[in-house]
Amino acid sequence: MKIINPSYSYIDGEFKQNIAIAFSEKIEAIDTLETLQEKYPEAKLIETKENTVLYPGFINTHVHLEFSANKTTLQYGEFMPWLDSVIANREELVGQCDNSVMKEACNEMMASGVTTFGAISSFGTELEVCMETPQKVLFFNELIGSNAATADMLYGDFLERLDASKKCGHGVIPAIAIHSPYSVHPIVLKRAVEVAKSEKLPLSAHFLESQAERQWLEESQGDFLEFFQKFFSTSMAVTTIDEFMKSFDNVPTHFTHAVQATKEELSYLAKHGHSIAHCPRSNRLLGCGRLPVEELIELDMPFTLATDGLSSNNSLNIFDELRAALMLHHLGALEKLANLLIKNITSTPAKIFNLNSGEIKVGKDADFALITLPDAVQNTQSIALQTILHTNKVERVYIDGEERVNL
Ligand code: BEZ
Ligand code: FE2
């Protein structure tokens, strides 16, 4: 048993003082330090500095580890030139992305307090690293393939990868990702959604990321026309926005991006119990626009904050992402937004994916991110904001009660 006594603890969305936490693998008790030391006289007291804040471990719901080798290779600014550059450089980038590159990506996340992440896996090449990292991983096996002639073969490959991720056991949670409305044939899409439903697997899908995607799905026109003619000899989208959304009616799904979704579409998704993964830096770098988070808030729609992969970002540090989101969404009150963003990387993703983490509460996994503020705060209301502004690395990370990295 260990006891930690930080200056502040993030509990029920508030920053509580004079609270200590006793934990083993799970959080055992939350009380004053004196009471806990009396109750657990053998427990080891963890030394903490002044102005420390204990958060539940952070959850980054959407990352592509397989593209972690990219730094300056891919073309940023607009979606289609970026996608073309991915196709042109994919083999080289994936080839360069060995286990050590992916481990470094996991470490970068961990140094920013991420104790759980959602890995979107195209090929399954990061499975070994995901088994080895102390972090918990939602392993999203991605289904791709819009061409009817090859869809069955690609679906078979997807099922094999899904099976492999089911055999990993502790720490790797098998899950399903649908690549996107434009790249997955509706027949195999329905099969995969059925698997997610019957096996109760987490489900995610890229959705309405770019204006080009919207135009292709609505009119079979725009930037995607040339792309599909060139690579797939087709001039017709395989689905519509409505048909795609309806395929998920009975299975709560985490839709990534949704930057180009209308308020009506967001409202439809919200009514069906879905949620959104918001990747502000990726959206900016690929010229996709700004997700109107104020509409999500109005709809009471849960959303998470995620980094996406290094194929569309310059770091996997969750604090960099929090700062970008804070600066981008200038319409709402600053401290309110800061508090919401912290929720979006803790309790909200934990609820969406039914994880026993994301909250400092008795019985939850003892996953923590301990940060130190550079100075005292005048007002506890400002702690989320000051944390986001001033933190680059956490002081310590605990996963299942174990200190995991020497940062
Ligand atoms: C497809 O399989 O249809 C596809 C794959 C990658 C990008 C776009 C489409
Ligand atoms: Fe993505």
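**Exercise 1.** Are His-62 and His-64 buried or exposed?

*Solution.* Ground rules: this is a predicted model, with local features needing pLDDT of at least 70 and side-chain atom pairs counting only at pLDDT 80 or more, while totals for chains, interfaces and linings use all residues. Residues are numbered from 1 along each chain, and side-chain values use heavy atoms, leaving out hydrogens and water. Now the check: both His-62 and His-64 are buried (under 20% relative accessible area with a 1.4 Å probe, protein chains only).

**Exercise 2.** Find the protein donors of the iron ion (ligand 2).

*Solution.* Start with the cut-off: donors are N, O and S atoms within 2.8 Å of the metal (3.2 Å for Na, K and Ca). That gives NE2 of His-62, His-64 and His-206, at 2.1 to 2.2 Å. Next, read the spacing along the chain: H-x1-H-x141-H. Water is not among the atoms, so the site may look incomplete.

**Exercise 3.** Which side chain has an N or O atom 2.4 Å from an oxygen of ligand 1?

*Solution.* Ser-146 does. Taken alone, ligand 1 exposes 260 Å², and the protein buries 91% of that (Shrake-Rupley method, 1.4 Å probe).

Methods. Chains lettered and ligands numbered in written order. Buried < 20%, exposed > 50% of the residue type's maximum accessible area, 1.4 Å probe, protein only. Polar contact = N/O pair within 3.5 Å; in protein donor to acceptor, adjacent residues only side chain to side chain.
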